Amino acid sequence: MNDRDVFEYALVRVVPRVERGELFNAGVLVYCRAKSFVAARTHLDEAKLLALDPHADVVGVRAALRAVEGVCAGGTQAGAAAGDDPGRRFRWLIAPRSTVVQPGPVHTGLTADPEAEVERLLDLLVR
């Protein structure tokens, strides 16, 4: 019996000056359809942000990252996406956009514990 399920994930990237294309990872989105699970964890390296753009809106970037986590959490924190299922919320968050906070490409894997996967990927790819 297979105790692992397919999951999808995307990095959340910060692109302080979109026209320059410089970016760094600031979070991870994880979706597991089999478990109806979607979550995001973020970690903003303020020093990296300010190194790439000394005039960056740190408060605005933090708010955008919190909004990503809120959409994943659902409920009133999700705003217009509050009534959407986890898959729709994930798909909405991974849609390409040209903003300071944007998703990276989607990758897949297998996991027995999607919640632990979020933390593992955050530690491996962001922190």
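Visitor: Which element gives the largest share of the lining of the largest pocket?

Guide: In this predicted model, about 150 Å³ of space lies in the largest pocket, and among the residues that line it are Ala64, Ala67, Val68 and Val71. The elements that give two or more residues to this lining are helix H2 (58-73), helix H3 (86-94) and strand S4. The largest share, four residues, comes from H2.

Visitor: How far apart in space are Ala64 and Val101, C-alpha to C-alpha?

Guide: Ala64 is found in helix H2, and both Ala64 and Val101 belong to the lining of the largest pocket. Although these two residues are 37 residues apart in sequence, the distance between their C-alpha atoms is 6.7 Å.

Visitor: Is Ala64 buried, exposed or partly exposed?

Guide: A residue counts as buried under 20% relative accessible area and as exposed over 50%, with partly exposed in between. Because the relative accessible area of Ala64 is 28%, this residue is partly exposed.

Visitor: What distance separates the end C-alpha atoms of H2?

Guide: Helix H2 has 16 residues, which at 1.5 Å a residue should span 22 Å.

Visitor: Which residues of H4 are buried, and what arc do they cover around the axis?

Guide: The buried residues of H4 (residues 114-125) are Pro114, Glu117, Val118, Leu121 and Leu122. They are on the same side of H4, because the arc they cover around the axis is only 135 degrees. In general, an α-helix has 3.6 residues a turn, so residues three or four places apart point the same way. The names asked for are therefore Pro114, Glu117, Val118, Leu121 and Leu122, and the arc is 135 degrees.

Visitor: Which residue caps the N-terminal end of H4?

Guide: At the N-terminal end of H4, a side-chain oxygen lies 3.2 Å from the backbone nitrogen of Glu115. That oxygen belongs to the capping residue, Asp113.

Visitor: What is the phi of Ser36, and is this residue buried or exposed?

Guide: Most residues other than glycine have a negative phi. Ser36, in the loop between S2 and S3, has a positive phi although it is not a glycine, with a value of about 50 degrees. Since exposed means over 50% relative accessible area, Ser36, at 54%, counts as exposed.

Methods: Residues are numbered from 1 along each chain as its sequence is written. This is a predicted model: local features need pLDDT of at least 70, side-chain atom pairs count only at pLDDT 80 or more; totals for chains, interfaces and linings use all residues. Side-chain values use heavy atoms; hydrogens and water are left out. Buried means under 20% relative accessible area, exposed over 50%, partly exposed in between (1.4 Å probe, protein chains only). The arc is that of the directions from the helix axis to the C-beta atoms. A polar contact is a pair of N or O atoms within 3.5 Å; within protein, one must be able to donate a hydrogen and the other to accept it, and residues adjacent in sequence count only if both atoms are side-chain atoms. On a 1 Å grid over the protein atoms alone, a cavity is a set of points where a 1.4 Å probe fits but cannot get out, and a pocket is an open set with protein on both sides within 12 Å along at least five of seven lines; lining residues have an atom within 4 Å of a point. Grid points are joined across faces, edges and corners, and a volume is the space filled by probe spheres set on the points. The expected span of a helix is 1.5 Å times one less than its number of residues.
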